[in-house]
Amino acid sequence: MKKTASARTAAGRKSDRTPGGQPAPAEGQAAKPPVRPVSQEMRIPNIMHDGSVINLAALRADQIDFAHMASSLSKIARFCGRHHDAAVSVAQHSVMGADALFSETGDGVLAGYFLLHDGHEYLLGDVSRPAALMIAWMAEACLAERGADPAAVKGAVKEGIDRAKAAIDAVILQAAGLPALARMPAYRRQVAQMDERMCAAEGRALYPTAGPIPLVQTSLPPPKLTGAIRGWGAMKAEEAFAERLDRYLGIVTR
């Protein structure tokens, strides 16, 4: 049975999470110390396409709108649009990587995980790797000037960004009826590697360089793409993303 955009919350997923809301450890793995939950009084308002306002600090699965995700990701440019010609959107990146994984493995669920791997960006935007490093560098310098222990703050900003993405991704996967990637180590590795492989392929296609792509692992094999990397335009990318939601995950956004 296909899941519609209005019936997105996965039933029976409570057993996949600890009482504190964190993913339960996979069988045979030691439990990690729980991350201190965000204060229930914290409110981070975010306006949605219909004018409603959600609280990112207390996001629920029933608030995830996959049609809105497809639309938003189709308008966010990879590499912040710092290249000639039409932008390659996050939606296009996700579709092409998902199709490449399916071509290589025949695994639609794995393809679906990749399709959603940047889903948090429809709520957070794309914090690029250079931007994250620049913000972390400046924030750590600011904290050091205020007397903070440099060893204590080192890496904290980057970890905070990663936690913010992971928290939203966990809710998105719950809405899609998928187990957390933390419980699927093989899938997690393949999704992370395909992200690097796509970054490298996109860098080669969009920039006139045969050298390394900054901050991207370029030693992995190129993805088995089903088409050339050229900007699709927002409408095509949105429609393709929505179609892959249906094809790989049975999520109908119409």
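Me: A helix here is a DSSP run of H or I with at least four residues, and helices are numbered from the N terminus. In this predicted model, where is Asp85 found?

Reply: Asp85 lies in the loop that joins α1 to α2.

Me: What makes Asp85 count as exposed?

Reply: Its relative accessibility is 76%. The cut-off for exposed is over 50%. Asp85 therefore counts as exposed. Its phi is near 70 degrees, a positive value in a residue other than glycine.

Me: Why is Cys80 called partly exposed?

Reply: The relative accessible area of Cys80 is 46%. Buried needs under 20%, and exposed needs over 50%. The value falls in between, so Cys80 is partly exposed. Cys80 also sits in the loop between α1 and α2. Its phi is near 55 degrees, positive although the residue is not glycine.

Me: How do you know whether Lys154 is buried or exposed?

Reply: Lys154 has a relative accessible area of 63%. That is over 50%, so Lys154 is exposed. Lys154 belongs to the loop between α6 (150–153) and α7. Its C-alpha atom is 9.8 Å from that of Ala144, 10 residues apart along the chain.

Me: Is Ser94 buried or exposed, and what makes it so?

Reply: Ser94 has 0% relative accessibility. Buried means under 20%, so Ser94 counts as buried. Ser94 is part of helix α2. Beyond neighbours within four places in sequence, Ser94 touches Phe114, Leu115, His117, Asp118 and Phe241.

Me: Why are α2 and α8 called oblique?

Reply: Helix α2 (residues 90–105) packs on helix α8 (residues 185–206) at about 120 degrees, with the axes 10 Å apart. That makes α2 oblique to α8. Roughly perpendicular runs from 65 to 115 degrees, and roughly antiparallel starts over 145. The α2 and α8 crossing is right-handed.

Me: Which residues make that contact between α2 and α8?

Reply: From α2 come His93, Met96, Gly97, Ala100, Leu101, Glu104 and Thr105. They meet Gln190, Met194, Asp195, Arg197, Met198 and Glu202 of α8. By class, that gives five nonpolar, four polar and four charged residues.

Me: Which residues touch the most other members of the largest nonpolar core?

Reply: They are Ile64, Phe66, Met69, Leu116 and Phe241, in a core of 50 residues. Helices that each supply at least two residues include α1 (66–73), α3 (108–115) and α9 (234–249). The largest share, seven residues, comes from α2.

Me: How many of Leu116's contacts can be named, leaving aside neighbours within four places in sequence, and what are they?

Reply: Leu116 is in contact with Phe66, Met69, Asp169, Ile172, Leu173, Ala176, Leu178, Phe241, Leu245 and Leu249. Each pair has heavy atoms within 4.5 Å, so each counts as a contact.

Conventions: Residues numbered from 1 in each chain as written. Predicted model: local features only at pLDDT ≥ 70, side-chain atom pairs only at ≥ 80, totals over all residues. Heavy atoms only, no water. Axes fitted to C-alpha atoms, helices over the stretch in contact; angles between N-to-C directions. Parallel < 35°, antiparallel > 145°, perpendicular 65-115°, else oblique. Left-handed = near helix turned anticlockwise from the far one by under 90°. Nonpolar A, V, L, I, M, F, W, Y, C, P; charged D, E, K, R; others polar. Core = buried A, V, L, I, M, F, W, Y, C linked by side-chain atoms within 4.5 Å. Buried < 20%, exposed > 50% of the residue type's maximum accessible area, 1.4 Å probe, protein only.
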